[in-house]
Amino acid sequence: MGKLVVRIVENGHSYKINCDEHTPVESVQKLLESISGIPFKDQLLFCFGSKLESHSPLSAYKLPSEQEEVFLFNKSRMRINSPPPTPEKFKIAVIPVNPPLSPPSSSVPHPNLDDTSDPALKALPSYETQFRNHLQSGSAIYRRTLAMFEICERLLREQEVQERALDVAKGNLDHFYEMVCQNYTEFMKCYSQQDCSHRKFLADFGREKEKLRSIKIMPLLQNANRKCLLDFVDEENLQKVWEECSSSHERFEKKVLELKTEFGDLNSQVQDLFSCKTSKFIKDVELSVKEHRRFMDEQKSIMQALSEDVNTVKKLLEDCLSRQVSPSPILPHNAFSALGPTYNTHEKDYLPKMRACDSAISTLLDFCTDKKNESNLYVHNYMQKIARMQYTIKDLRYKFSVFSEALKHQNEQFHQLKVLHGVGPAYMACIAEVERRKTATNIYMENAEKLSEKLARERDFEIRRRDEFVKVHSTFIPPDILAAMGLYDSLNPCYVNVAPLPGGSTTLAVTDTTILQNDAETKIEALINEVSKFERESEINRNLLDRLRSCATSADFADSLRVLAQSLVSSAEESNEDSTFELRECIEIIADKVGALSRQCADLEENRELVNTLCTKNQLENQANKERISFNQLQVDEIAAFLLNASGHYQAINRDCPYYYLSPDSVSLLSDNRPSYIIGQVVHIERRTVEPPMSETGTSRLTLSQESTPNPYGLPIGCEYFVVTAAILPDTNVDYSPRS
């Protein structure tokens, strides 16, 4: 069984439920419904920032765990029309003016004191009665004050619970807010790019039309309905598309501005919400409770004094009754002389102070109650704001999906306008393709002609070779045999025929060559200039590379670089090129750097032996420290010594903390014949505290009782001890001197 701590957010109340990891969340919710009054359907459980689902077991959330809290949010309180929480009120018992006296503790009658002539002896029973009355009055005041102070402390704890609960709620809201921020950023990035492109299409529409209208197509392609590039498209239909796109773009822009405004409002609300601090209530209450604790201490000291005075007068009364008639009345009178001043102290000092402390704590209770009611109302309003923001975030995420679809639809709508911008480049590409095809066809025809000539030469060579063969072997083989073997067959000629370009294409290419001729000549001339410049620079770079290579192989690299830099001065003055001056400056800088590095390398070489000596010394010191047994507070990787105590446990030898014990896992690795001491290297240290054993009540798996904690080492309750896991070392030469 484990203990599950559940905090009620709306009022800060807490419940501890015993359950195990297999317990369904639904069972916990049903129990919470019975003890908290929050309906099952209105419960929202959160732990680790995650929502607990009813159908899941507690093990899905690594629960139960005493270190983790589960916060219960009431969904009905988060609705906009939900009423504010009812103010909390506390009824404290009224202190009676003259509380009834309890029967005297001494049952011995004292008639002899009534008959005595000594007035001090006669007043002794009255003092005893009055002192008991003072004690009971003070006790009633103290109980009332203590009850009020405990309520104040509880109210402070409940406000602390509410502060942690709001942090959980803010964390959950921040998670969804980051998601919607990411959606907003991605959408606005796509929208900005598309909006810029679409604006350009709309603005350039008229200019693009006039540009296409001014470009006449070649006469070969012209007809009655097609004179210019603009005739390639339906101008009237394209005008309608432009108007529709312009109107759609304007409407969508307004919608996006509304979306930006809505997101901006959400961002402001979230930032304002996150900037609110609930600690303003807690700090005031915490400080007031701390300051009023002195009144409780004062009442405790007064109650102790009243109790001592009652015991004193009761003892005097018993002594007088045992004497019957005292032969030496001086002794009682010495004791009686202090009763009068003590009575006055009770009436004029102790009891008024008790009532003043009670009044101060009562005022504190009113203050804490007001602050708690303010905190309840603040939490109520805060959770309603979070609920509204979560609804806004959900709505925005849905809108982003709708806007993304609208973005795609608008892009498809603008696709028809893109056709207008593509007509000119496409027409020029077609002209260039005709010229390319013409060139390719000419190359193809030239290759075909060369192939035809090559095949003719190879046919002539083959025919001569066949004729020679028949001439040599016809003397020995009959002609009919040679004919049957096909050796008189001749090689057929091969003709390569390539059809010329269609007349339209050729005419088109010839007619339109003038369009590209000027650009081609300009590009060729620029290319020739670039090639000439590149050759000159390549020659210079080759010479410079050879000189740099010779510098690199030189014994003194830095001096060689300086000589090279000086030699570049004259060439720079002749060529009057800034790049040469810049190169010379770079080489001089490199030479300075190389010289500095050379000097540093020489210094490092001189100090290498000293560094090696220091490293060896440091390694030896580290090894010595590792092999020294620690007798102070143990740390991981240190060596510790454990002695077998009378209880059969291995306990570490330690000056600061005597409660270091070797873990059962480490002990289990030993043989049955356990040594009296063990030396091991610390691997892990676990801190534990001895807790009181807790009784089991009932057999139900969901109860409000607590579980017990084992105490294997017999330590007192509340004692802190450590369980050490160590790697057992063999008997080696270990330094037993204590580490400083």
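**Which side chains does a polar contact of 2.8 Å join?** Ser-82 and Gln-384 are the two partners. A polar contact is a pair of N or O atoms within 3.5 Å; within protein, one must be able to donate a hydrogen and the other to accept it, and residues adjacent in sequence count only if both atoms are side-chain atoms. This is a predicted model, in which local features need pLDDT of at least 70, side-chain atom pairs count only at pLDDT 80 or more, and totals for chains, interfaces and linings use all residues. Residues are numbered from 1 along each chain as its sequence is written, and side-chain values use heavy atoms, with hydrogens and water left out.

**View 1. The protein has 14 helices and 10 strands.** Helices (H or I, at least four residues) and strands (E, at least two) are DSSP runs, numbered from the N terminus. Of the 740 residues, 33% are buried. Buried means under 20% relative accessible area, exposed over 50%, and partly exposed in between (1.4 Å probe, protein chains only). Contact means heavy atoms within 4.5 Å. Among contacts with a separation of 6 or more, 78% involve residues 24 or more positions apart.

**View 2. Ser-82 sits in the loop between β5 and α2 (111-115).** Ser-82 is buried, with a relative accessible area of 10%. A polar atom of its side chain lies 2.7 Å from the backbone oxygen of Arg-79. Neighbours within four places in sequence are set aside for the contact list, which holds Ser-76, Arg-77, His-380 and Gln-384. Gln-384 is also the side-chain partner in the 2.8 Å polar contact.

**View 3. His-346 is found in helix α8.** Is His-346 buried or exposed? His-346 is buried, and its relative accessible area is 0%. Its side chain makes a polar contact of 2.9 Å with the side chain of His-134. Apart from neighbours within four places in sequence, His-346 is in contact with Phe-131, His-134, Leu-306, Asp-309, Leu-351 and Pro-352.

**View 4. The second largest pocket has a volume of about 310 Å³.** On a 1 Å grid over the protein atoms alone, a pocket is an open set of points where a 1.4 Å probe fits, with protein on both sides within 12 Å along at least five of seven lines; lining residues have an atom within 4 Å of a point. Grid points are joined across faces, edges and corners, and a volume is the space filled by probe spheres set on the points. The lining of this pocket counts 15 residues. Phe-46, Asn-172, Phe-176, Ile-386 and Gln-390 lie nearest the centre. Two or more lining residues come from each of β3 (43-47), α3 (119-203) and α8 (339-413). The most come from α8, with seven residues. By class, the lining has 11 nonpolar, two polar and two charged residues. Ala, Val, Leu, Ile, Met, Phe, Trp, Tyr, Cys and Pro count as nonpolar, Asp, Glu, Lys and Arg as charged, and the others, Gly among them, as polar.

**View 5. Five strands form an open sheet in the order β2-β1-β5-β3-β4.** The pairing is mixed. At the edges are β2 and β4 (50-51), each pairing on one side only. Two strands pair if DSSP finds at least two bridges between them.

**View 6. Strand β1 (residues 2-8) is mostly covered, with seven of its seven residues buried.** Gly-2, Leu-4, Val-6 and Ile-8 are buried on one side. Lys-3, Val-5 and Arg-7 are buried on the other. Six bridges link β1 to the antiparallel strand β2 (residues 14-19). Across this pair, Val-5 stands opposite Lys-16, and Leu-4 has Ile-17 as its bridge partner. The hairpin of β1 and β2 has five residues between the strands, and Gly-12 takes a positive phi near 80 degrees. Strand β5 (residues 69-74) runs parallel to β1, joined by four bridges. There, Val-6 has Val-70 as its bridge partner.

**View 7. Strand β6 (residues 639-644) runs antiparallel to β9 (residues 677-689), joined by five bridges.** Ala-641 stands opposite Ile-679 in β9. Three bridges join β6 to β7 (residues 650-652), also in an antiparallel arrangement. Phe-642 has Ala-652 in β7 as its bridge partner. Five residues lie between the strands in the hairpin of β6 and β7, where Gly-648 takes a positive phi near 90 degrees.
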